[in-house]
Amino acid sequence: MKKVIEGSQAVSEAARLARVQVIAAYPITPQTHIVEALSGYCSNGTLDARFINVESEHSAMAAVIGAASGGARAFTASSSHGLAYMHELLHWASAARLPIVMAEVNRALGPGWNIWTDQTDSLAQRDTGWIQLYCEDGQEVLDTTLQAFRLAEELNLPVMVILDAFYLSHTFEPIDIPDQQLVDRFLPRLSPRIKMDTANPGALNQLVTPAAYMEMRYNTQLAMQSAQDCLEKIEKEFAAVFNRTHGPVEAIRCRDADIIMVTTGTVTGTCRQVLADLRSRGEKVGLFKLKLFRPFPSNLICRHLGAAKKIAVIDRNISFGAGGIFAQEIRAALCNLDRPPRIFSYVAGLGGRDITPNTLVEIYNETKTKPTPKQESVWIGLNQEIVGTWRN
Amino acid sequence: MNDSSINQIPLFIPHSSTSTMVNKTGSWRFFHPKFVEKTAPCSAACPLGQDIARIEMLTSWGLLKDAWQTILKENPFPAICGRVCFHPCENACNRADMDEPIAIHRLERFLGDTAVSDGSKADFNIKPAKGKKVAIAGAGPAGLAAAYFLTRLGYGCEVFEARSEPGGLLRWGIPAYRLPRDILDKEISRIKDLGVTIHCETPVTENLLEKIRSEYKALFVACGYERSITLKIQGGDLARDGLEFLRNPHPAENPSLGRTAAIVGGGNTAIDVARSLVRRGVSVLIVYRRRLEDMPAFEPEAAMAVKEGVKIMELVTPIRIQKNSSNRSSSLPDFRLTLQQMKVGKKKIAGRACVVPDGEKTETIDVQNIFVAIGAKAEPIWQSLNANEPNSLDLRHCRLIEQKIPVVLGGDLTTPDKSVTDAVASGKQAAMALDTYFEKGLDAVEKRLAACRVGAGPALSVDTYLDQDRKYRNAHIVGYDEIVSDYFQSAPRVIPADLNAHLSIRSFEEISATYASDAAKKEAARCFNCGICNACDFCRLYCPEMAVIVDKTKRRINMDYCKGCGVCATECPRNAMALEEEIK
Amino acid sequence: MAQLKYNDLMNPGHLGCPGCGATIAMKFALQALGEKTMVVIPACCWGVIAGPYPQSALKVPILHTAFATAGAAASGLRAALDMRGDTETTVLSWAGDGGTFDIGFQSLSGAVERNEDCIFVCYDNEAYMNTGVQRSSATPYGTRTTTTPAEKWKKTGKKNIVEALAAHRIPYAATASIGYPEDMLRKFGKARKLKGGSRFIHVLATCPTGWRIGSEMSVKIARLAVQTNAFPLYEVEDGINYALNFKGDRKVKEYLTLQGRFHHLTDPDIDQIQKMVDREWNLLLRKAGMQSL
């Protein structure tokens with residue numbers, strides 16, 4: 001049934017349809033609508049689940065770890081500082097191989113306090129062993145959240161479904177909310193591989209010496225490496241039921257492109273329009289949407305980007321001293337090709353600054369006119385007046 | 001709808017599949033604990049070395065017959081000693097440092113009486129017959145005890161008793177209100193049931209002695225002191241022998257003894273005579289040479305006498321007895337007793353004050369009876385045997401003389417303290433000495449007996465001698481500082497109420513009452529059980545390694561896991577454990 | 001004491017130091033709680049005592065979790081059990097003083113404020129023992145630790161955790177000591193039956209290693225702490241009704257002089273500690289509605 005709902009609502013509808021059993025979350029703008037909706041479902045009986053009003057995000061992740069260890073389908077949501085606060089436990093959840101799903105709303109980290117969209121928060125967690133999926137629009141959010149449970153439970157890896165603050169979380173769109181029956185068909189009840197039971201007592205997550213630790217990590221790596229294929233399989237099944245696919249990546253008119261622009265999240269939506277405009281002007285440009293970030297789909301990167309001359313990567317994030325993170329990873333994926341394309345790295349839209357079609361055109365032009373890229377990322381859209389007050 | 005064709009990689013996570021039992025943490029140890037039972041001070045103080053801690057433990061558990069059996073290992077007469085013993089055990093009791101000592105004496109009596117009324121039979125392993133006969137002179141406590149222990153060791157015993165019934169001082173000296181005759185008979189019948197023959201009215205004459213020397217393998221002399229010491233003063237022959245009186249203090253005809261009596265002496269006999277006379281309706285005065293505190297009589301007995309109305313005059317000694325000439329037409333005698341007043345002199349002899357006449361001060365009293373109870377000695381036939389012999393061995397309670405046959409002197413003849421319990425101890429010691437003498441010769445006796453000491457001695461354990469469990473008991477005597485008093489709560493000592501003095505003097509019926517079963521168990525439960533394991537299980541409760549294993553009733557340490565922390569041994573409330581260094 | 005039906009849910013071969021009070025505490029706890037128990041263990045000594053992979057020292061399930069998370073992880077586990085219809089299994093959070101008083105305090109406070117249906121236990125060895133005897137807020141005034149060395153020993157008092165949780169109006173909170181097994185077993189039995197809300201038990205668990213005493217003194221010291229009122233035994237219901245279980249009558253000097261961690265204290269220091277102990281004791285008496293001495 002189609003309803004006009006905001007991105008946050010898409011998350012909570014999906015979690016409801018997925019029949020999550022335990023939710024533990026701490027409110028943080030702009031994730032609050034997610035947890036409020038879920039709290040409402042639990043209170044009015046729409047959803048049969050325990051909602052734990054934890055006192056911090058660190059405890060939220062700890063609680064879902066506890067719940068998942070007890071064999072429950074567990075869910076949480078956070079953003080920015082909340083996600084950062086969970087950091088040690090993100091490592092814990094994946095090393096414990098718990099099928100936790102979390103909605104993560106990309107928001108800037110402070111100081112200064114900034115509630116608007118920025119990808120640094122989720123990307124700073126890229127080493128924690130969570131599957132990361134960056135969503136473009138509300139429908140994708142809902143669909144991906146449902147798929148995330150299947151993915152997590154199949155691989156025993158935690159999954160982060162990521163959406164931009166405000167541009168996605170608080171934007172209303174018409175979204176198809178599927179029938180519970182159909183969802184049940186796609187996503188059956190959890191039969192957990194990890195489930196604490198007094199009938200079969202054992203210790204979970206205890207001390208491991210160098211003798212076995214590395215093998216455990218290798219085991220996780222293998223699971224992570226199979227995630228791409230697993231996602232593909234799940235998307236096929238999803239399509240069979242709901243007639244929609246999103247794909248780990250989307251390559252639009254890349255085959256004959258000289259320059260390919262790489263985007264993630266809501267920027268992709270803007271860029272589709274820009275692509276159409278540029279193409280109509282005869283530019284040989286393509287658009288590559290990166291959705292699956294962890295595991296990093298190197299093969300798809302090579303396949304779709306390898307033949308282009310130049311790649312313009314738009315990063316709404318920064319790793320200080322190294323540049324835009326997506327650019328770094330793409331660079332690394334392509335570097336062993338015989339003739340890798342030139343990677344032009346752009347940092348834009350930090351702290352919620354709008355990335356407009358003009359910004360994207362500027363990036364395209366910059367890429368087209370410069371023969372070689374700078375080693376450092378180029379910051380687009382800086383207010384030179386402000387910069388001028390302290391730089392000179 | 002899951003497509004199972006995708007290979008699910010098996011999970012490899014930190015999840016346990018075995019227990020920590022694969023770690024034999026016993027290798028960490030520097031010390032290891034052991035269950036080492038030690039000696040309770042009560043059992044070391046008991047002349048018979050009874051395993052009192054264990055007796056009280058069994059009693060508190062309601063295992064009354066087992067407790068009684070434990071007594072019988074070392075003492076054939078619980079119902080007797082439980083009435084007449086002077087209970088040095090209670091003076092040594094560690095519980096006294098917390099509140100009050102355990103009423104061991106009363107509990108022994110309770111157990112003895114219960115067995116008597118239940119008709120309990122003891123389970124003994126009697127050693128196979130050795131084909132040796134032993135003669136015993138005197139069926140008093142020492143002689144009967146010797147017969148008891150010797151029979152258990154496999155000897156055939158015959159007792160020769162001068163009087164008409166066995167018992168010695170038990171029957172012919174201690175009054176019935178202290179030791180009822182039916183109890184006495186039952187206790188003695190136990191000895192007879194073992195197969196001991198008692199020939200009454202058969203005194204050991206020179207002839208019989210000769211016969212014994214040729215037909216028996218050994219002789220135990222427990223004839224006691226039958227010859228009373230008389231008053232060597234003017235008119236001394238007018239006084240009656242106290243011991244003689246006690247042989248039948250309550251004849252059936254009950255002739256009147258008049259109204260007043262004086263007793264010369266300060267020992268147990270004097271007290272017994274006094275209290276018996278009270279029960280015959282006589283008003284009694286004891287005259288004693290030294291101070292009250294010097295009286296050798298058992299203090300509780302003397303106190304009872306005073307309660308019953310006996311008067312005691314101290315620091316006087318008789319110098320003359322005269323018959324009173326008077327106009328009285330009564331047929332009852334009337335005497336005038338002249339007493340010299342004494343005073344404490346400068347010197348002391350063996351802790352007792354030396355007394356000297358206090359100038360010329362005298363006093364006279366008129367009484368209708370005068371009794372003498374100033375001691376006794378052995379009949380002449382026995383006195384010669386006591387002379388120094390080259391091949392003789394002085395043990396604490398008896399003396400072994402190598403003659404044609406080995407002769408052991410015991411009972412009052414040799415014991416340092418003249419008491420029933422010491423007499424029984426001498427019988428036990430004699431039996432062990434003779435058995436060792438026969439098996440290994442004279443030179444082995446002292447060492448063999450020393451190995452059977454309870455604590456540092458002098459009491460000996462037959463159980464140890466017979467290689468039973470008592471031999472494992474460590475001789476260290478547990479002091480109060482070794483008891484973990486935190487595990488015990490103060491509780492009052494409860495003993496049964498005795499008959500009031502004014503009621504008890506109306507007859508020769510027994511004065512002291514015995515416990516009801518529950519009260520006995522409760523009093524026995526106050527016992528710390530010093531040095532022995534009473535299965536309190538605190539060792540097992542605390543052991544962090546679950547290394548205390550209970551095998552039916554025995555406890556042992558699982559050395560695979562014990563880390564030697566020592567908590568068990570430190571917490572054992574009664575010091576029944578020890579920590580030993582690990583030799584790596 | 002009546003004979004216990006022994007049901008040791010703990011295995012030997014664990015990695016506790018000889019005489020470890022924390023292992024004795026766990027033994028008593030599981031004795032009372034039985035086999036339908038799941039234990040949540042954050043980083044602490046028990047995280048190691050329970051045995052390295054692939055061993056376990058307990059016969060009940062254990063969930064090891066990160067240091068600060070005992071309260072939250074237990075809450076989540078409880079939720080999962082409720083959702084699968086298991087209301088019988090007890091969730092036992094078993095944390096050290098670090099994971100309760102300090103880094104774990106927030107999580108515990110949150111759980112107790114939510115009145116989570118779990119038993120939260122702090123086995124208190126009065127310092128971060130697992131990492132090498134560093135001070136915690138449970139370390140008593142006067143103690144020498146590796147981060148409050150003898151030259152500058154801890155001058156702040158022990159945080160009163162039971163008082164803090166009583167302020168949450170927790171349904172049941174109590175102190176216990178391994179030196180008083182019957183009392184401790186009773187309290188765990190009571191906590192087990194009080195389902196439906198939060199229960200907290202603060203157990204004094206001797207650490208021979210960190211307290212610098214012989215291992216054999218482990219239980220005796222835990223008893224002496226109570227006998228000197230340094231660690232009183234009491235219960236609080238609903239954060240308001242106090243009941244004292246034991247009145248100590250010994251001087252705290254007897255307790256302090258037996259432990260190496262207090263050897264640097266002078267007589268005036270010990271007098272000061274006695275005053276502090278007396279003050280806390282009197283406060284406790286007033287709370288329990290009894291006259292202060």
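Predicted model: local features only at pLDDT ≥ 70, side-chain atom pairs only at ≥ 80, totals over all residues.
Chain A contains 15 helices and 16 strands. Its radius of gyration is 21 Å, close to the 21 Å that the globule rule gives for 392 residues, so chain A is as compact as a globular protein of that length. Along the principal axes, the C-alpha atoms of chain A fill a box of roughly 70 × 50 × 50 Å. Buried residues make up 56% of the 392 residues of chain A. Among contacts in chain A with a separation of 6 or more, 80% join residues 24 or more positions apart.

Chain A meets chain C through 37 residues, which are in contact with 38 residues of chain C. On the chain A side, the elements that give two or more residues are β2 (22–24), β3 (50–52), α3 (57–69), α5 (87–95) and β9 (203–204). Helix α3(A) gives the most, with 9 residues. By class, this side of chain A has 19 nonpolar, 14 polar and 4 charged residues. Strand pairing also links the two chains. β9(A) pairs with strand β3 (residues 62–64) of chain C in the parallel sense, over 2 bridges. Here L204(A) has L63(C) as its bridge partner.

Chain B also touches chain C. This contact takes 30 residues from chain B and 29 residues from chain C. The elements of chain B that give two or more residues to it are β1 (18–19), α20 (538–542) and α21 (567–571). Helix α21(B) gives the most, with 4 residues. The chain B side has 14 nonpolar, 10 polar and 6 charged residues. A parallel strand pair occurs in this contact too: β1(B) and strand β2 (residues 55–56) of chain C are joined over 2 bridges. S19(B) stands opposite S56(C) in that pair.

In soluble globular proteins, nonpolar side chains tend to be buried together. In this model, the largest nonpolar core has 351 residues, and V22(A) and V64(A) touch the most other members. Helix α15 (residues 420–440) of chain B gives the most to this core, with 10 residues. Another core, of 43 residues, lies apart from the largest one. Its members include F245(B), Y288(B), M295(B) and I321(B).

Chain B holds an open sheet of 7 strands in the order β6-β5-β4-β7-β20-β19-β18, with mixed pairing. Strands β6 (197–199) and β18 (392–394) of chain B stand at the edges, each with a single partner strand, so one side of each is left without a neighbour in the sheet. From one strand to the next, the twist averages 20°. Within the sheet, strands β4 (residues 133–137) and β5 (residues 156–160) of chain B run parallel and are joined by 5 bridges. I136(B) stands opposite V159(B) in β5(B).

In chain A, strand β11 (residues 259–263) has 5 of its 5 residues buried, so this strand is largely enclosed by the rest of the structure. In a regular strand the side chains alternate between the two faces of the sheet. Both faces of β11(A) are covered. I259(A), M261(A) and T263(A) are buried on one side, and I260(A) and V262(A) on the other. β11(A) runs parallel to strand β12 (residues 285–290) of chain A, to which 5 bridges join it. M261(A) has L287(A) as its bridge partner in β12(A).

Burial is also found in a loop of chain A. Q125(A) lies in the loop between α6 (120–123) and β6 (131–134) of chain A. Q125(A) has 20 other C-beta atoms within 10 Å; a residue counts as buried at 20 or more, so Q125(A) is buried. Residues up to four places away in sequence aside, Q125(A) touches L83(A), H87(A), L90(A) and W130(A). Q125(A) and P248(A) are 123 residues apart along the chain, and their C-alpha atoms are separated by 19 Å.

Definitions and conventions. Residues numbered from 1 in each chain as written. Chains lettered and ligands numbered in written order. Contact = placed C-beta atoms within 7 Å. Nonpolar A, V, L, I, M, F, W, Y, C, P; charged D, E, K, R; others polar. Pairing = 2+ DSSP bridges. Rg over C-alpha atoms; globule rule 2.2 N^0.38 Å. Buried ≥ 20, exposed ≤ 12 C-beta atoms within 10 Å, placed from the backbone. Core = buried A, V, L, I, M, F, W, Y, C linked by C-beta atoms within 7 Å. Axes fitted to C-alpha atoms, helices over the stretch in contact; angles between N-to-C directions.
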